[in-house]
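This briefing concerns the nonpolar cores and the aromatic pairs of one protein model. Please consult the sequence and the structure shown here.

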Amino acid sequence: MNEIKNTAYIENLEFTQYLLFAISVFFIFLISWLIQKRKIKTNPLYKYYTRGVMTKIFGAFVFCMVYIFYYHGGDTISYFETSRALTNLMVQNPNDFLTVISQKASIENYYLFDGHTTGYPWPYMYYDSKTFFVAKLLVPFLFISFKSYLLASVLLAWASFVGIWKMFLMFGKLYQEISVQLAIAVLFIPSVVFWGSGILKDTITLSASCWFIYALYNSLIIKNKRAKNFFILFLSGYVIFAIKPYILFALLPGGLVWIIYARILKIKNKFFRYSVIPLIYLISFGGGYALLNSMKNSMSISGLLEEASVKQNDLKSTDYEGHSFDIGSYDPSIAGALKASPAAIVAGLYRPFIWESRTVMMLLSALENTVYLGLTLWILLRINVFRLLRIILDNPLILFCLSYVLFFALIVGLSTSNFGSLVRFKIAYAPEFLSALFIINYFRKEKRKLKN
């Protein structure tokens, strides 16, 4: 089958969409300013609120312009057009709409759409449960935005910002002395603002993972408003699992360590506390291994590693020449993954390097990675390994962030060899990574002050 270029909508972007965009931005700014003015009296962290919202909206606008005028299409347009067909069906025949969204994809349900009044979902999205789930989530945004791509993108960015803001408030409350650095890490990383603001899976999963972390902390660690936060924890976990289950797999081991170790931290005997951590990890990874292996083959450890190996080899093909990298082939087994883990983690955290950049987008990502690498090296060169370990082990949030980041970076490094995909995957853990580096550096400097 010949590839269908989804350009019809792009070539007909009307002036009314820009007008709706401008009006919506004005009202979002006004609402954000009023919220900031009211909340800042009791919480100084709200001084970043309006800037954070408007940065997110700006990211959504730039994202739309890049995909419309530079890439001339892409998954974001396909998501929009698929969701637009669903929105049309909802308005014209609610019963058929409920049938489509509640039942498994089938050829019979596909032809509940028509080419004249509703339009058709993109088949590759309709028959993929993960991508079609995203399209279904977008329906309210398209309905409210009068099916405007620009306005729907803005509304999605605004809604997704709430989860990110909640996580920032949590981080900022715990480490108020470095609120500026944490605001940069959580709210203002350029690649996260860009890739995490448009109509893509990444925008939704980024927000959901931030909600998950926030709710995990409130429900199971400080036990605040537990019923509400348990609901948020379940809902965000469900959304993550439905779209990108590997994010949930990356969150859970560190989350379990965070929950248990936050309680063990009250024990004064540091030797006991530190010696318990390997046992917690052993239990969490062992439990995760047993759980995955009990699932169907595609979700088992061997199935996931096989899929990761195949995807990595596929992305090294000549079709991606100039945009791919190679950590070396590895055997799709636990031993093979462990052998490839150093190269995979380095790739997941710090690549592309400056000299690997082939496009403007890759260069911008490489500049960010240079900051991550520079800050990592700065910390490692300015502190001895035992002091570093003590800082990490005495701060459960750092322990959680690094567990999540390293496990996720390993998954990403093992499963992709394409820089374009790598940059997008990385936004799910970049805020936690940079936050952890800033917090570690803060404690490093505090220790130095005490000595002086």
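How many aromatic pairs does the structure hold? The structure holds 40 such pairs, where rings of Phe, Tyr and Trp (its six-membered ring) pair if their centres lie within 6.5 Å, planes under 30 degrees apart counting as stacked, over 60 as edge-to-face and the rest as tilted. This is a predicted model, in which local features need pLDDT of at least 70 and side-chain atom pairs count only at pLDDT 80 or more, while totals for chains, interfaces and linings use all residues. Residues are numbered from 1 along each chain as its sequence is written, and side-chain values use heavy atoms, with hydrogens and water left out.

**Aromatic pairs**

- Tyr 49 and Trp 165 form an edge-to-face pair, at 5.0 Å centre to centre and with 75 degrees between the planes.
- Because Tyr 49 lies in helix α2 (residues 49-70) and Trp 165 in helix α8, this pair ties together parts that are 116 residues apart in sequence; helices (H or I, at least four residues) are DSSP runs, numbered from the N terminus.
- Tyr 49 is buried at a relative accessible area of 9%, and Trp 165 is likewise buried at 4%; buried means under 20% relative accessible area, exposed over 50% and partly exposed in between (1.4 Å probe, protein chains only).
- The pair of Phe 408 and Tyr 429 is tilted, because the ring centres are 4.9 Å apart and the planes lie at 45 degrees.
- Phe 408 lies in helix α19 (residues 396-415) and Tyr 429 in the loop between α20 (419-426) and α21 (430-451), so their pair ties together parts that are 21 residues apart in sequence.
- Phe 408 and Tyr 429 are both buried.
- A cluster linked by ring pairs contains Tyr 217, Tyr 246, Trp 258, Phe 400, Tyr 404, Phe 408, Phe 425 and Tyr 429.

**Nonpolar cores**

- The largest nonpolar core has 125 residues, of which Trp 165, Phe 168, Leu 187, Trp 258, Leu 397 and Tyr 404 touch the most other members; such a core is a set of buried Ala, Val, Leu, Ile, Met, Phe, Trp, Tyr and Cys residues joined through side-chain atoms within 4.5 Å.
- Helix α8 (residues 149-174) gives the most to this core, with 16 residues.
- A second, separate core of 11 residues includes Leu 89, Phe 113, Tyr 126 and Val 139.

**An exposed loop residue**

- Gln 176 sits in the loop between α8 and α9 (179-187) and is exposed, with a relative accessible area of 55%.
- The C-alpha atoms of Gln 176 and Leu 45 are separated by 8.4 Å, although these residues are 131 residues apart along the chain.

Terms used. Helices (H or I, at least four residues) and strands (E, at least two) are DSSP runs, numbered from the N terminus.
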